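User: I'm new to this one and would like to talk through some of its charged contacts. Could you take me through them step by step?

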Amino acid sequence: MFGFVIGAACLFGLIKMIRQGRRGRWGSHHGRWGGGGWGRRGFLNRIFVRLETSPSQENLIVGAVDEVRSAARSLRPELESSRGDLARVLADETFDQERLNAVFARHDEAIRTMREAITGSLGKIHGALDSEQRKKLAELLEYRFGFSRRGGGPYRNAAVHI
């Protein structure tokens, strides 16, 4: 009985591997292993396959994305403190607009920092890609990387999905 279960699991895995092909979890882009799925790098790997990027381009893009992620991570403490500040403004007997303006000033600073991180990263990505790759990336971005709320758009039935 145990052998039957092992054999069925192996057959299932083989069929899945054959069906996924080049973009699949096994033997993905540039011969790397573990490039499929929707993990941290899975989405980027799917974009890299679509753009036909080189390993050096991929490293630069991953670094730029990581910079934006770390900038976003640094905003979390500000969001936590803002929630507490807003709760205290609402709990007070009188509305304190100055206190609320101080929270908004901190938000403006956080947004400026995030905007600078995004601008710098997009500049690096723009410089790393050639014109055809930039055009493909712009199309993917414009059409939500093949995802849409209602299933429409030019990539609905095309083989352009990531």
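User: What do the side chains of E78 and R106 meet in?

Analyst: In this predicted model, the side chains of E78 and R106 meet in a salt bridge at 2.9 Å, N to O, the term standing for a side-chain nitrogen of Lys or Arg within 4 Å of a carboxyl oxygen of Asp or Glu. E78 lies in helix α4 (residues 76-91) and R106 in helix α5, so the pair ties together parts that are 28 residues apart in sequence; helices here are DSSP runs of H or I with at least four residues, numbered from the N terminus.

User: Is E78 buried or exposed?

Analyst: E78 counts as buried, at 17% relative accessibility, whereas R106 counts as partly exposed at 30%. Buried means under 20% relative accessible area, exposed over 50% and partly exposed in between, with a 1.4 Å probe and protein chains only.

User: Which residues are linked in a network with them?

Analyst: E78, D85, R88 and R106 are linked in a network of salt bridges. Within it, R88 and D85 meet at 2.5 Å, N to O, and both lie in helix α4, three residues apart, about one turn of the helix.

User: New topic: how many salt bridges does the structure hold?

Analyst: The structure holds nine, including one between K124 and E67 at 2.6 Å, N to O.

Terms used. Residues numbered from 1 in each chain as written. Predicted model: local features only at pLDDT ≥ 70, side-chain atom pairs only at ≥ 80, totals over all residues. Heavy atoms only, no water. Helix = DSSP H or I, 4+ residues; strand = E, 2+ residues; numbered from the N terminus.
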